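Please read them with the structure open.

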Amino acid sequence: MNQTTVALVLLLAVLATATVARLRVAVGVAVVSTLALNYFFLPPVGTLVIADPQNWIALFAFLVVAITASKLSAAAKDRALARQKAELAGTLLASLSHDLRTPLTAIRIAVDNLSGELTLEDRRMQAQAATSELDRLTRVLEHILEMARIDAAAIHVDRQWVGAADVVDAALAYVRPVFDGHALRIDADGNLQTEIDPRLASGALSHLLENAAQYSPADREIVVRASVEADGLHVTVSDHGPGLESSEVDQLFERFFRGQAARQRSSGTGMGLSISRGLITAAGGRVWAENVPGAGARFSMVVPGRVRHGTAQ
Amino acid sequence: MGARILLVDDEPNILSTMTPLLRSRGYDVSTATSGRAAIDEIERGTLDLVVLDLGLPDIDGVEVCRRVRADSRVPILVLSARGAETEKVRALDAGADDYVTKPFGTEELLARIRVALRRIEVPLPRSAPIVRGRLTIDREGFRVSLDGEDVHLTPKEFELLTYFALHPGRVLTHRTLLKAIWGPNAIDQPEHLRVLVGSLRKKIEPHPATPKYILTEPWVGYRFDLD
């Protein structure tokens, strides 16, 4: 190989590195390439002496290629990221827009209907429709506020000694309306207590329950298992919904992500699971999802805390 | 019984509030909760109007418009929770006649329904003059008169006014109008349309700055109204 061929091959290597690696790495590769070219191929071979001043130009060329390519690829990555963010913001707006406009529409028509002439039975139905849509608006508003609190890192952890059943009861109280007609089996042992923030844990659990109620057919049982183990509170929620695609499992907790099954439905804000993760992360715990083949989805959460026997209270 | 309206929405509370509303105004209402069911119902050909939500669980509302338009002229009034103009334009280009954004006032919806029902188009013989309020368009003689007085229009202005007059009350997108007047190659040149609408308004509107007949639907298109 003559010197030009070697120089071009090295230049390609520098270019390839710069497109994938960070600037510092790319510059490093450029310098190593220069030294290698110098030591092995440029006279006097076997030394790092540069006899011909033209070789300084080779070094300069390697550096310029490394820096330019690396900057360009960084800019391209930034653009891709910005596009992703814009898409997310678009999804946010579309989702919020639907979740606010639909209940407002139904409430407005129901109220207009109520001011007209209706039979007693029809009045009751219109009032019922308005009430249930108001509940829905309230839930959306609560989701937005909770999300804003998580974003502002305004979640404070306030620990108390509680049993597993206390957390489940509190979570169910939040979401009672969406559980109308759903069969629910609760398995929560009451012997041990753990020191956690019950507000955060039950808040997070309520979103898991709401999610299960939304995707599980009304006649199939939703099973909640909660217990205090050696390291804190463990809860699983198993539903008999359509289950999860393996590709979705990691994305489920991302804000506004809606899985294959969710896209078929219009209700749901796409915020619940993300809020759940936000709350649990604030409490130092973790939440994850699995597919149970042939059954549905299983969501698990662990909130760490000190443990004692409940009788000590 | 009044006009037969099919209400398509997957939100139970929209159906349970809109149905009594429309029935109380004398309409004969049936409902569908999916795009598939809506298309089946429309294909029976017994409806006077379809009120269609865009966010359906199975087939997107825009696609429903497109499929229905393949062999039906039934007026479609789109209800959309999506506020974005691009969505409205997509639905209108796919064949919807009008749109109302949720949340809407009850009276506004009822007015739009009346307009859409009045529009059930009876094809006019080419020789018959089109009479719209104070306007008379003689398509054979290429003459237009306003309150009996002749108005001189250029050929393109005449074409545009005729197109408007044949689709009263309907929201016509920029794209639809450009295609109708200049042909498919002109759809990327909205400025042509803006200029033509401007000059037509000067000739037929009493106050061109606050038009009464050719109404602007912001970012979407125009609506020809003689109410």
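**Notes on the predicted model**

1. **Content of chain A.** Chain A contains 8 helices and 8 strands. The model is predicted. Chain A has 313 residues, and 33% of them count as buried. Among its contacts with a separation of 6 or more, 72% join residues 24 or more positions apart.

2. **Confidence in chain A.** Mean pLDDT for chain A is 83. A value of 70 or more is reached by 92% of its residues. Which element of chain A has the lowest mean pLDDT, and which the highest? Helix α7 of chain A, residues 260–263, is the lowest at 54. Strand β5(A) is the highest at 94. Where pLDDT is low, the predicted coordinates should not be read in detail.

3. **The sheet in chain A.** In what order do the 5 strands of the open sheet run? The order is β2-β4-β5-β7-β6 in chain A, with mixed pairing. Strands β2 (184–188) and β6 (286–292) of chain A stand at the edges. Each has a single partner strand, so one side of each lacks a neighbour in the sheet. On average, neighbouring strands of this sheet are turned by 15° against each other, direction ignored.

4. Strand β2(A) pairs with β4(A), residues 222–229, in the parallel sense. The pairing runs over 5 bridges.

5. **Contact between the chains.** How many residues does each chain give to the contact? Chain B gives 19 and chain A gives 23. On the chain B side, helix α1 (residues 12–24) of chain B supplies the largest share, with 8 residues. By type, the chain B side divides into 8 nonpolar, 7 polar and 4 charged residues.

6. Strands β7 (residues 135–138) and β8 (residues 143–146) of chain B pair in the antiparallel sense over 4 bridges. T136(B) has S145(B) as its bridge partner in β8(B). The two strands, β7(B) and β8(B), form a hairpin with 4 residues between them. Strand β8(B) also pairs with β9(B), residues 149–151. That pairing is antiparallel too, over 3 bridges. Here the bridge partner of S145(B) is D150(B) in β9(B). The β8(B)–β9(B) hairpin has 2 residues between its strands, and D147(B) in the turn has a positive phi of about 55°.

7. **Positive phi outside glycine.** F142(B) is not a glycine, yet its phi is positive, about 50°. F142(B) lies in the loop between β7 and β8 of chain B. Is F142(B) buried or exposed? F142(B) counts as exposed, because it has 12 C-beta neighbours inside 10 Å. W219(B) is another residue other than glycine with a positive phi, near 65°. W219(B) sits in the loop between β11 (214–217) and β12 (221–224) of chain B. With 12 C-beta neighbours inside 10 Å, W219(B) counts as exposed.

8. **A cis peptide bond.** The bond from K102(B) to P103(B) is cis, and omega is near -5°. P103(B) lies in the loop between β5 (98–101) and α5 (106–118) of chain B.

9. **A helix crossing in chain B.** The axes of α6 (residues 155–166) and α8 (residues 190–204) of chain B come within 10 Å. They cross at roughly 85°. That makes α6(B) roughly perpendicular to α8(B). From α6(B), the residues in this contact are K156(B), E157(B), L160(B) and L161(B). From α8(B), they are L196(B), S199(B), L200(B) and K203(B). The residues of this contact divide into 4 nonpolar, 1 polar and 3 charged.

Technical notes:
Residues are numbered from 1 along each chain as its sequence is written. Chains are lettered from A and ligands numbered from 1 in the order in which they are written. This is a predicted model: local features need pLDDT of at least 70, side-chain atom pairs count only at pLDDT 80 or more; totals for chains, interfaces and linings use all residues. Two strands pair if DSSP finds at least two bridges between them. Axes are lines fitted to C-alpha atoms, for helices over the stretch in contact, and angles run from 0 to 180 degrees between N-to-C directions. Two residues are in contact if their C-beta atoms, placed from the backbone, lie within 7 Å. Ala, Val, Leu, Ile, Met, Phe, Trp, Tyr, Cys and Pro count as nonpolar, Asp, Glu, Lys and Arg as charged, and the others, Gly among them, as polar. A residue is buried if 20 or more other C-beta atoms lie within 10 Å of its own, exposed if 12 or fewer, and partly exposed in between; C-beta atoms are placed from the backbone. pLDDT is the predictor's confidence in each residue, from 0 to 100. Angles under 35 degrees count as roughly parallel, over 145 as roughly antiparallel, 65 to 115 as roughly perpendicular and the rest as oblique.
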